[in-house]
Amino acid sequence: MEGLRHRVRDVIRRSGRPQREFAAVMGLEASKLSKSLSGTRRFTAEELIRIADTAGVTVNWLLHGEDAADGVVAAAPRVAVATEPPPDAGQDGRAAREQGRRRQITDAAWRLIAERGYHSVRTADIAAECGVSSAAIHYHFPTLRELLDETLRSSVKQAFDRQVAVLHGIEDARERLHRLIELQLPSPGHLAREWSIWMQVWTESALDPAMRELHAESYQRWHDTIARTLRDGAASGAFRADLDAEAVTVRLTALIDGLGIQVLTGRPGRTVEGMRTALHAFVTTQIEPPAGGAAAPDTPAPHAPGPGAPATEHPHTSEETP
């Protein structure tokens with residue numbers, strides 16, 4: 001896709017860094033970046049995520065030239081982090097440096113909130129993580145609340161960047177659904193920290209109308225992505241022809257949320273593998289056609305062992321991407 005290659009070249013130019021240095025910052029071999037830009041290899045999903053993160057744009061913008069592009073993943077929510085092509089370092093080096101500093105601060109705050117909690121992080125903690133003074137933090141974010149809210153919005157962006165990068169170009173609805181499930185598992189590392197952030201968004205949403213708006217619109221995007229996948233699968237024959245996509249989406253997302261909470265909070269017997277097994281069982285019994293092809297009567301969704309999971313709702317590899 002020449003458009004993608006053109007936009008990657010553009011963000012590298014705007015960064016003010018040589019191509020080799022840009023590759024090093026995003027953790028990619030310079031030769032691989034060169035081959036991808038020349039069209040002799042494809043960017044992987046993980047590389048697109050890293051480029052978007054390094055450049056401060058969305059994967060949707062890299063792929064389509066606009067944040068709100070609508071594809072297999074529903075269009076971006078209105079309250080998501082606004083992302084535009086970064087300032088041109090060649091013309092405005094200060095603006096580019098300030099954007100980079102804001103991103104460094106937000107990334108540090110994201111890690112600290114995930115590990116310590118929204119209300120336990122202080123400006124001095126973030127400053128120490130970034131190796132700057134508290135005054136430098138206040139310059140970019142006058143209040144701690146502004147920084148913490150921006151961090152939560154940034155987490156929403158990360159989750160959807162991953163979905164767009166991984167699902168882009170996957171036409172088969174069954175494969176898309178299984179990929180979506182895999183992206184929602186609170187596996188150790190980044191995904192577990194992302195779940196930690198999202199659980200804190202839930203808590204804040206119950207108390208703060210402004211955060212409630214972020215939650216509602218972002219969750220609607222996640223809901224719409226699942227529902228769209230189910231409708232596509234029903235139309236193609238991959239899923240039951242009589243599938244009620246909206247109703248099943250509510251049940252599937254509630255199951256994901258409830259199991260994810262139990263895994264992340266360390267409930268005895270709850271594991272990522274067990275969550276994966278339960279979700280695949282739901283897909284097999286409730287979404288995919290039964291053996292023989294005839295639609296089976298609807299039956300209750302399978303539950304994880306023990307008391308039912310909370311029925312709340314949630315958003316949120318390296319395959320080659322065109």
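Me: Hi! Is His140 buried or exposed here?
Reply: Hi! In this predicted model, His140 counts as buried because its relative accessibility is 12%, and the cut-off for buried is under 20%.

Me: Which helix does His140 lie in?
Reply: His140 is part of helix H8, which covers residues 134-140.

Me: And what is His140 in contact with, leaving aside its neighbours within four places in sequence?
Reply: With those neighbours set aside, His140 contacts Glu98, Arg101, Arg102 and Ile105.

Me: Where does UniProt place the "DNA-binding region"?
Reply: The UniProt record, an unreviewed entry, puts that feature at residues 122-141. In the model, residues 122-141 are 75% helix and 0% strand, and the end C-alpha atoms of the span are 13 Å apart.

Me: Switching to H1, which of its residues are buried?
Reply: Leu4, Arg5, Arg7, Val8, Asp10, Val11 and Ile12 are the buried ones in H1.

Me: Nice. What covers the buried residues of H1?
Reply: The cover includes helices H2 (19-25), H3 (30-38), H4 (45-55) and H5 (59-64).

Me: Now H13: how many of its residues are buried?
Reply: 15 of its 20 residues are, so H13 is largely enclosed by the rest of the structure.

Me: How far apart are the end C-alpha atoms of H13?
Reply: They are 28 Å apart, which agrees with the 28 Å that residues 245-264 should span at 1.5 Å a residue. Just after H13, Gly266 has a positive phi of about 75 degrees.

Definitions and conventions
Residues numbered from 1 in each chain as written. Predicted model: local features only at pLDDT ≥ 70, side-chain atom pairs only at ≥ 80, totals over all residues. Heavy atoms only, no water. Helix = DSSP H or I, 4+ residues; strand = E, 2+ residues; numbered from the N terminus. Buried < 20%, exposed > 50% of the residue type's maximum accessible area, 1.4 Å probe, protein only. Contact = heavy atoms within 4.5 Å. UniProt positions renumbered as here; feature names shortened; annotations may be inferred. Expected span 1.5 Å × (residues − 1).
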